[in-house]
Amino acid sequence: RALSHFPTVRLAGVGLRHGSGVWYYEALLLSGGLTQIGWANQKVECDPTRGNGIGDDAHSWAFDGWRVFKWHREQLAYG
């Protein structure tokens, strides 16, 4: 559980190649409160001390179910 900042977790050795197809993933989030989940390309730059994580730059996209926003450089209402 994050007590400050916005920590980001990356899965090592997981990648997708550009081409045709459909991809999906499932995740079970066991902590309550603010959580953003998403995906990024290799150029993403996260800085938890400045509050920059998944969805906060041009190289990542995120969903925030707590505040009900989608993120890609900015917050946008979702749902």
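Val68 is partly exposed because its relative accessible area is 39%, where partly exposed denotes the range between buried (under 20% relative accessible area) and exposed (over 50%), computed with a 1.4 Å probe and protein chains only. Although Val68 is not a glycine, its phi is positive, at about 60°. Val68 is located in the loop between E2 and E3; strands (E, at least two residues) and helices (H or I, at least four) are DSSP runs, numbered from the N terminus. A positive phi is also found at Arg73, with a value of about 70°, although Arg73 is not a glycine. Arg73 lies in the loop between E3 and strand E4 (75–77) and counts as exposed because its relative accessibility is 58%. Most residues other than glycine have a negative phi.

The structure is a predicted model, in which local features need pLDDT of at least 70 and side-chain atom pairs count only at pLDDT 80 or more, whereas totals for chains, interfaces and linings use all residues. Residues are numbered from 1 along each chain as its sequence is written, and side-chain values use heavy atoms, with hydrogens and water left out.

The chain contains four strands and zero helices, giving the pattern β-β-β-β along the sequence. Along the principal axes, the C-alpha atoms occupy a box of roughly 40 × 30 × 25 Å. Of the 79 residues, 13% count as buried. Gly55, in the loop between E1 and E2, is buried because its relative accessible area is 0%. The C-alpha atom of Gly55 is separated by 7.9 Å from that of Ala40, the two residues being 15 residues apart along the chain.

One salt bridge is present in the structure, the term denoting a side-chain nitrogen of Lys or Arg within 4 Å of a carboxyl oxygen of Asp or Glu. This salt bridge joins the side chains of Arg67 and Asp64, with an N to O distance of 2.6 Å. Asp64 is buried because its relative accessible area is 0%, whereas Arg67 counts as partly exposed because its relative accessibility is 32%.

A nonpolar surface patch is formed by Tyr25, Trp39 and Trp61, which together have about 350 Å² of accessible area. Patches comprise residues with over 30% relative accessible area and no salt bridge, like charges being joined within 9 Å and nonpolar side chains (Val, Leu, Ile, Met, Phe, Trp, Tyr) within 5 Å. Accessible areas derive from the Shrake-Rupley method with a 1.4 Å probe, and for residues only the protein chains shown count as cover. Tyr25 is placed in the segment before strand E1 (36–40) and counts as partly exposed because its relative accessibility is 44%.

Tyr25, Trp39 and Trp61 are also among the residues that line the second largest pocket, whose volume is about 190 Å³. On a 1 Å grid over the protein atoms alone, a pocket is an open set of points where a 1.4 Å probe fits, with protein on both sides within 12 Å along at least five of seven lines; lining residues have an atom within 4 Å of a point. Grid points are joined across faces, edges and corners, and the volume is the space filled by probe spheres set on the points. E1, strand E2 (60–64) and strand E3 (69–71) each contribute at least two residues to the lining of this pocket. By class, the lining has nine nonpolar, two polar and one charged residues; Ala, Val, Leu, Ile, Met, Phe, Trp, Tyr, Cys and Pro count as nonpolar, Asp, Glu, Lys and Arg as charged, and the others, Gly among them, as polar.
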